[in-house]
Amino acid sequence: MSTITPGPLLAVEKLQKHYAQSRSMFLRTQAGVVKAVDGVSFQVPVGATLGLVGESGCGKSTTARLLLRLEDPTGGRIQFDGKDVHGAVGPALRDYRTNVQAVFQDPYSSLNPRMRVAGIIGEPLSANRAISAGELRDAVAEVMQTVGLNPQSAQRFPHEFSGGQRQRIAIARSLILRPRLLVLDEPVSALDVSIRAQILNLLMDLQEQFGLSYLLISHDLDVIAEMCNEIAVMYLGQIAEIGPAAEIVDNPRHPYTQALFSARLPAHPDGVSARIRLTGDIPSPLNPPSGCRFRTRCPQVMPVCAERVPPVTHLPNGHLASCHLLNESVVLGV
Amino acid sequence: MGGTSTKDGVLLEVRDLEMSIFADGGNRIVRAVNGLSFTLRRGRTMGIIGESGSGKSMTSLSILRLLPRGARILGGQVLFDGRDLVSLAERDLRRMRGRHIAMILQDPMVSLDPLYRVGDQVAEPLRTHQGMGGDALRARVIELLGAVGIPAPESRFNQYPHQMSGGMLQRIVGAAAISCGPELLIADEPTTALDPTVQAQYLDLLEELQQRTGLALIVITHDLGVAARLCDDVIVMYAGRAAEKAPVRTLFERPAHPYTQALLSTLPGRRAPDDIKVDAHKRLPTIEGQPPDLAALPPGCPFAPRCPRADAKCRTEMPPEVSLATDHSAACWYPTT
């Protein structure tokens with residue numbers, strides 16, 4: 001599984017997804033464009049985890065849908081193992097779909113209640129390869145063991161399992177094709193705290209065992225801080241800040257990241273710290289603010305923020321942030 | 001009420017509360033709350049913490065007797081300002097709900113009707129409980145909207161929920177909750193994932209409402225972080241019982257019940273930053289196994305099957321609540337002392 005790959009496994013460059021909005025239900029005149037994802041770039045190395053955080057509506061799930069090729073981008077590109085993802089057709093596309101799998105939030109709605117567990121887990125394999133019933137049975141048993149399920153329960157139905165076990169079933173299904181990248185969309189948010197740690201540990205074990213790469217989407221900042229090597233903070237379809245996890249958690253430089261992480265719940269009654277309060281909601285992606293998109297809610301907004309789009313500032317340790325505050329000439333009024 | 005306050009400022013006293021849900025025509029008895037007792041003083045904040053199926057939400061619904069289908073209170077008392085809500089006639093209880101005890105849910109759209117103007121929805125409890133109407137009612141609602149931090153309350157009065165932001169709607173629900181000046185507010189937080197910013201706004205609102213009115217607050221949550229942020233006292237529930245009760249600081253610094261200790265250690269991302277840097281992929285401590293089936297509870301301590309400390313006694317005999325210090329107790333045969 002651990003092939004030698006020069007460069008990142010996944011490279012996303014200036015990714016864009018704009019939706020045309022029609023003016024009314026009946027007339028198909030174009031009224032505006034929803035910029036759900038607007039120029040997003042990041043990379044995921046082999047065996048690493050990139051976390052995508054941001055409030056609802058920031059575009060993180062659209063980014064995941066683009067990666068899974070459930071939608072086509074309107075600009076930019078995604079490369080997997082050096083190959084263009086959205087140009088892929090035929091065997092190349094099949095190959096990509098085999099290599100990139102997803103695990104979703106709610107294991108109560110993501111598993112077909114009328115299928116037996118063996119069918120759910122084995123389906124990607126039987127749909128993609130011509131294999132015998134015996135081989136399929138063995139493959140299902142093996143992957144069930146890998147995720148900590150008893151292979152003897154393969155003939156049972158999803159409702160006979162608890163939430164944590166259901167998420168194990170979903171993970172087994174995503175693993176059976178031996179993918180290299182998993183898109184994890186809120187994989188533990190529907191689970192109880194005592195079960196959460198079990199699933200997070202399983203994901204870490206699997207990553208180590210198979211050299212998997214993860215794109216982890218979550219608005220649980222504790223989970224993100226625990227699991228990720230790198231964190232990208234999204235706001236209104238763009239990346240406000242990206243960098244190594246320790247940098248983003250301990251030394252956030254963008255005011256939005258600072259506000260977001262200050263909303264984390266304390267680990268101790270003494271840890272209750274001053275929270276940076278943001279006023280208002282995320283503006284509509286149909287009509288984003290001029291200049292810096294965060295300026296309408298930013299506690300440190302300056303006149304320049306409305307006029308110019310902040311450039312990306314390169315900070316030490318591969319830490320990038322887009323904010324005028326990081327640009328000395330602007331701050332000093334030079 | 002209010003005037004005749006009971007001794008030591010006790011507002012709510014729950015004694016040996018037992019509540020079960022009779023499902024499948026009575027064939028399956030889900031024992032949701034199994035002998036819960038606690039005391040809440042005026043103006044204090046109590047956190048009731050538990051996983052799904054721990055009985056935390058059923059406890060809050062039992063206090064107001066807003067029971068789901070098939071649910072029955074089988075025993076115990078809920079003394080609110082000295083009156084037992086369990087035995088109170090339904091029409092008397094209706095006069096309590098919203099007036100003396102209010103409830104607030106985290107998702108405002110569960111509580112608000114999209115077809116009515118927000119002002120009218122805030123006015124409803126005042127009209128029902130205090131017979132207010134006309135200009136006086138309108139003036140009072142506008143005052144309340146201003147009090148919960150809604151800018152330009154006069155113009156907001158006539159708006160519909162869809163015209164307002166999520167944070168604003170939370171405040172509308174908050175205004176309705178405090179409209180009749182309740183002595184107790186119960187805030188139930190669902191387990192579903194929420195934006196951290198939305199959750200923080202909600203906790204801010206609860207804190208503001210309490211500071212403004214001096215009401216006592218019960219926060220139902222699955223997150224110990226909420227307790228750390230907001231609560232004076234905490235009850236950790238497991239399988240319908242109080243595993244541990246303690247002032248919040250004691251709970252975090254000297255947890256006595258193995259379940260509380262395990263919960264504190266499994267919180268992801270709450271380790272020291274140095275720890276994370278040294279080893280980003282250190283495994284989290286876990287609690288193996290599953291919470292018990294409330295329709296088939298084991299004979300002894302319900303946590304015994306998952307407890308590292310459990311022995312034969314734990315598996316056969318229910319541990320009593322052991323008092324460890326003032327206001328600190330644990331239901332365990334071998335509490336950490």
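How many helices and strands does the secondary structure of chain B come to? I counted 13 helices and twelve strands in chain B, where helices (H or I, at least four residues) and strands (E, at least two) are DSSP runs numbered from the N terminus.

**Conventions.** I work on a predicted model, where local features need pLDDT of at least 70, side-chain atom pairs count only at pLDDT 80 or more, and totals for chains, interfaces and linings use all residues. Residues are numbered from 1 along each chain as its sequence is written, and chains are lettered from A and ligands numbered from 1 in the order in which they are written.

**Chain B, overall.** I looked up the radius of gyration, taken over C-alpha atoms, against the globule rule (2.2 Å times the number of residues to the power 0.38). For chain B it is 21 Å, close to the 20 Å that the rule gives for 337 residues, so chain B is as compact as a globular protein of that length. Its C-alpha atoms fill a box of roughly 70 × 55 × 45 Å along the principal axes. I call a residue buried if 20 or more other C-beta atoms, placed from the backbone, lie within 10 Å of its own. By that test, 45% of the 337 residues in chain B are buried.

**Chain A, overall.** I found eleven helices and twelve strands in chain A. The radius of gyration of chain A is 22 Å, close to the 20 Å that the globule rule gives for 334 residues, so chain A too is as compact as a globular protein of its length. Buried residues make up 45% of the 334 residues.

**Confidence.** pLDDT is the predictor's confidence in each residue, from 0 to 100. Chain B has a mean of 89, with 92% of its residues at 70 or more. I noted that pLDDT stays under 50 over residues 1-6 of chain B and over residues 271-280 of chain B. The complex is given an ipTM of 0.82 and a pTM of 0.87.

**Interface.** Two residues are in contact if their C-beta atoms, placed from the backbone, lie within 7 Å. The contact between the chains takes 40 residues from chain A and 36 residues from chain B. On the chain A side, α6(A) gives the largest share, eight residues.

**Helix α11(B).** I checked residues 258-266 of chain B and found Pro258(B), Tyr259(B), Thr260(B), Ala262(B), Leu263(B) and Thr266(B) buried. These buried residues pack against α6 of chain A, and against α9, β9, β10 and α10 of chain B.

Note on methods
A residue is buried if 20 or more other C-beta atoms lie within 10 Å of its own, exposed if 12 or fewer, and partly exposed in between; C-beta atoms are placed from the backbone.
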